Structures are given as C-alpha cells and as structure tokens.
Amino acid sequence: MPTQTIEDTDITLPRPPVVTIRNAKSRDLPELNEMIALLAAHHNDPAAITPEKLERDLFGAMPWISALVADTGTDLIGYAILVPLYRAQEGTRGMDLHHLFVRDGHRGHGIGQHLVSRAREIARNAGCDYLSVSAATGNFAAHRFYEQMDFKPRPVTGMRYMQALA
C-alpha cells in the first residue's frame, strides 16, 4: 500500500463493505508499523518503531502491548494499541488506549468508534475497571470524539518524570 499522510483531505473513500476489528497478527506488522509512523509524523514525533520491535512487544516472550486492527480484507485502515495500567492505592486495573488511528479517507465512517468499542470490551474481559485515553491539549476534534464515546475529561496534575535506562 502506498504511504499516505495522516492529514484529513477532502477525499472520502467509500466505506469498505466489510471491516473486521480483530487482534493484530504477525502478518500485519509492516502495515501496523507504517500507520504508527504516520501518527508519529502527524504529532511531529520521531518514529523509531520497527516491525521487529512491534513483534517483540506484541508477540515476544513478554508481550507488553496488545493491538487491534481494522481490516478490510485487503488493507488495514486503522489500529488501536492497548497498554495495561494499575492504580496500586485502589487495587484497580485499567487499560490505556495508547494509540487510535484511522487512515485518511476512511475517517468519519465509524471505524474509530468500532476500535474504541472493541478496546472497551477487551479491557472489561481483562477485569479492568477503567479505560483511559489522552489527547493533545489543542486537539479539539479528538476531545469531542472521546467525549462522544463517553470518556470523561480529567485534569492532569503534577509532573511526569523519566529516566533513561540504557
């Protein structure tokens, strides 16, 4: 599949007749890697992701993430990545909807809503009490989307620190 930009264009492709939301498989790694790089570029972030890193983190000896893909039968047109969370003081499990992406031309057809619904189902089946997601401060379209999907905004407090381990 040719590389596409993430930007919304005036082009709206017809909705594929069948879109299956399913767990990512090894064969999806190149397209999944490409979509992650597109989302990173949109946010002006470097994309150091590779299919090998994805394989390690999705299917390796110690899987770290899970991924859903929106599959038309010939192409992947979207994905969601889930990462486990834990609130030790409450003893509650959660899941972070770390990434949500739908290719340009396929937005507005409900694909993102289906990915979120399936993520919610996975989190419930894993015994999670909550599903969280974040969006950049100025990304008002994302804010509206998540609020329409019944996510409640929560204030961000404090600072997050990081220390490189390598």
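Buried means under 20% relative accessible area, exposed over 50%, and partly exposed in between, with a 1.4 Å probe and protein chains only.

I am working on a predicted model, where local features need pLDDT of at least 70, side-chain atom pairs count only at pLDDT 80 or more, and totals for chains, interfaces and linings use all residues. Residues are numbered from 1 along each chain as its sequence is written, and side-chain values use heavy atoms, with hydrogens and water left out.

**Entry: strand S2.** Of its 6 residues, 5 are buried, so S2 is largely enclosed by the rest of the structure.

**Entry: S1 with S2.** I checked pairing next (two strands pair if DSSP finds at least two bridges between them). S1, residues 20-23, pairs with S2 over 4 bridges in the antiparallel sense. I traced Thr20 to its bridge partner in S2, Asp71.

**Entry: S2 with S3.** S3 covers residues 76-87 and runs antiparallel to S2, joined by 6 bridges. Opposite Ser66 I found Leu82 of S3. The S2 and S3 hairpin has 4 residues between the strands, and Gly73 takes a positive phi near 100° there.

**Entry: S3 with S4.** I counted 10 bridges between S3 and S4, residues 92-102, again antiparallel. Val83 stands opposite Asp96 in S4. In this hairpin, 4 residues lie between the strands, and Gly91 has a positive phi near 65°.

Technical notes: Helices (H or I, at least four residues) and strands (E, at least two) are DSSP runs, numbered from the N terminus.
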